[in-house]
Amino acid sequence: MTIVNTQSFLGYENPPVVEVVCGILFQDLQLLLTPHIGLLWQKFKHEYPECEELPPLAPAIEFFDESPDINVVFSEIPPTPRIWFIETNGNKVIQLQRDRLLHNWRKIESEDTYPRYQTVIKTFQNHLSTFEEFLKENDLGIIIPRQYELTYVNHIEQGERWNRIEDIDQIFPNFFWKINLDQLPELEAINWRTSLLLPDQIGRLHLSIRNGIREEDNQNVFVFELNARGIGSDQSQNSMQEWFDLAHQYIIQSFVALTSQEMQDNVWRSMK
C-alpha cells in the first residue's frame, strides 16, 4: 500500500467525495424514549431546523473470533425510529436512535466544498458532547461505546477520464481489462468489494467500487466507498480520537493506492 504522511497531506482542490459519515454505536439507552428525542432537538434546532423519521439501522459489528459470543437481549420496549436533524441547506445531518449517533456531511450542490476531515470530526464530537450532557441532565444513562464508524463515499462521474465501464483502469489502474473487447459483449456492471484489518484488530476497512446512476441528476458514476468500523480496548475520549485519526489515515492511504496518479493530479488536483 502507498504510504501517505497524513500529517502533511493537503488533499485535493476538487475531491470526488460526496458524503462523509462519522459516528458511534453504543449499548441501548433503554430510558431514551421518542419524547426525549423531541426535547433533544431543541438543543440543535437553531442549526438543524428540519427533521425526518426513518427506520432504525441494524448494528453491523466487527468480530475477530471465529465464533463470537453474542448475547441476544429481548426487550419489551419497542425500538425508537431513527431521527434525522437536518441543516437548512441539507449539507449536515445528525442521525440518532437508541443505540447510535451519526453525523453526516453531504454534497448537495455542485459548488459545495468538502469541509475536510478535521472539521467533520470536530462537529461530530461536539454533537456527541451535547448528547451526553442531555443524557446526564435527564438521568437517561451514559454512553457505553460498542463501535466507531468513519465512511467516505466518492462519486467519479462519467466524462472524468472514463466513458464506458471498460475504462475503469483510467481511474483504478489495478482493474485493467486485458482481453480483446471485440470478442466479448460490453461490460454491464462492476461490483467489487474487499476488506483489510486495521492494526491490533481495532477494526476493519471495507472498500467497494461499483457503477450506478445517481438519482438526483441521472449521472453515470463509479461509486468508491471506504468504510472503517471497529473499536479498541481503551474506550476513553482520547482513544476515540486516536481511532478516528487512524481510520482516516488508512482511508487516505487506500484511496491513493487504488486510484491513478493522473486522476489525483489532473482531475481532483492534488495539493502538494
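These legends walk through a few views of one predicted protein model. Local features need pLDDT of at least 70 and side-chain atom pairs count only at pLDDT 80 or more, while totals for chains, interfaces and linings use all residues. Residues are numbered from 1 along each chain as its sequence is written, and side-chain values use heavy atoms, with hydrogens and water left out.

**View 1. The fold, element by element.** Four helices and nine strands make up the secondary structure; these are DSSP runs, H or I of at least four residues for helices and E of at least two for strands, numbered from the N terminus.

View 2. Is Cys22 buried or exposed? Cys22 is buried, at 0% relative accessibility, whereas Cys51 is partly exposed at 40%. Here buried means under 20% relative accessible area, exposed over 50%, and partly exposed in between (1.4 Å probe, protein chains only). With a disulfide taken as a pair of cysteine sulfur atoms within 2.5 Å, the count is zero.

**View 3. Contacts inside the protein.** Buried residues account for 46% of the 272. Of the contacts (heavy atoms within 4.5 Å) between residues at least 6 apart in sequence, 70% join residues at least 24 apart.
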